[in-house]
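Trainee: Could you take me through one part of this model in detail, setting out how its pieces pair and which side chains face where?

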Amino acid sequence: MAGIYVHIPFCKKRCSYCDFHFSTTFSSYRSELIAAICLELVLRKDELNAEEIQTIYFGGGTPSLLNETELSQIMECIHTHYQVITDAEITFEVNPDDAQEANLRTWKKCGINRLSIGLQSFQESDLNWMNRSHTLKQGTDAVRLAQAIGFTNISIDLIYGLPDLSNEQWLAHLNQAVSLKVQHISSYCLTIEPKTVLLHQVQKGKLARPSEDQQSEQFELMVGTLKNAAYEQYEISNFAKDEMYARHNSSYWNLTNYIGVGPSAHSFNGKVRRWNIANNTKYYQQVGKNDHWFEQEVLSDTAQWNECFLTGLRTKWGVSKEKIERFGGFQATERKQLESYLLSGLMVEESTCLRLTEKGKLQADGISSSFFRLD
Ligand SMILES: C[S@@+](CC[C@H](N)C(=O)[O-])C[C@H]1O[C@@H](n2cnc3c(N)ncnc32)[C@H](O)[C@@H]1O
Ligand code: SF4
């Protein structure tokens, strides 16, 4: 089983915190770019060794800016050249201001069966400093309309640990999120990325730098509130009702094979990691003409071991003991480290895996990096 990720590198506006790859000027070359994405899909059709495709994920950027012709063109190309299983999960990232009834119906008609809607915050003032292209009302309306039209697998994205966001306000946001009755919530702690407007604003004192203590408190508040509302935390930042896990993202964490097409998209086949050039013009001009539009690296055993802990410990499935044995098991110092985590209640050992406890999740990055090996 394998997955396909399609990166749509266009956005209406530049959100102040975002350092993903996208461009806000795209009208002059969008047909060339869509054609290049389809060409890449065709060129790489044998890379997955005829494995069946169980998930397709349109991410961005803003996939909801695609028109019907463009989306159909990409979907048709995938169905022509890949073996997609009948109940494949097909996710579309949506910005709320694109979620009009006609668009929602088009996405459904094109085979999209899961929406990931970027609400980000339930406070209008946050959406303003973030430079989002939608209002709060458009966010909640988008979810309700999608539900009314018959989407039964909806996720929303939220960000916590925002400048001046109090714990009381965050709790209110969580309760509003719960009241939307979506199947899945992805909730990320704000990171202040280099070269973003947000970093500039924080450095100039125009926005307060969130404190780490407050971000940890808001993480705990989120885990407790969503758990009480029957959302299972199956990954540090991801919560699902009734086992409606994001199958595509879970396959990243379980290190399943996937190819990523489009500018800046990443691919992984268990051993080789590959990433496309993060430049729209160079991408569409070079795909199929040379091999300068991507780079790749073969992961060493050490890199694979580190990856296993980095991704595995973030999930409820943990790191499988069988995988650890495949790498020759723990070295003496690593075993000692593990024992100290087990004793202090940060990790638990189960019959088939090792995973973090609730307390351990608060220190996930530190714990996983303490198992890292050097080449
Ligand atoms: C790159 S966006 C694409 C989705 C869509 N364009 C949108 O904005 O809703 C994916 C998600 O990453 C999260 N994200 C992006 N930058 C972030 C940052 N600096 N800190 C925390 N979360 C971030 C946001 O929640 C966003 O919805
Ligand atoms: S958060 Fe989403 S809409 Fe905003 S710039 Fe990033 S990708 Fe574009």
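Mentor: Let us start with one pairing: strand 13 (residues 319-320) and strand 15 are joined in the antiparallel sense over 2 bridges, where strands are DSSP runs of E of at least two residues, numbered from the N terminus, and two of them pair if DSSP finds at least two bridges between them. Within this pairing, Val 319 lies opposite Leu 354 of strand 15. This is a predicted model, in which local features need pLDDT of at least 70, side-chain atom pairs count only at pLDDT 80 or more, and totals for chains, interfaces and linings use all residues. Residues are numbered from 1 along each chain as its sequence is written, while chains are lettered from A and ligands numbered from 1 in the order in which they are written.

Strand 15 also runs antiparallel to strand 14 (residues 347-349), to which 3 bridges join it, and a hairpin of 3 residues leads from strand 14 to strand 15. In this pairing, Glu 349 has Leu 354 as its bridge partner, and Met 347 has Leu 356. Taken together, the strands form an open sheet of 3 strands in the order 13-15-14, with antiparallel pairing; strand 13 and strand 14 are its edge strands, each pairing on one side only. In general, strands of a sheet pair through backbone hydrogen bonds, either parallel or antiparallel. As for the faces of strand 15 (residues 353-356), Leu 354 and Leu 356 make up the covered one, whereas Cys 353 and Arg 355 make up the uncovered one.

Note on methods
A residue is buried if 20 or more other C-beta atoms lie within 10 Å of its own, exposed if 12 or fewer, and partly exposed in between; C-beta atoms are placed from the backbone. Helices (H or I, at least four residues) and strands (E, at least two) are DSSP runs, numbered from the N terminus.
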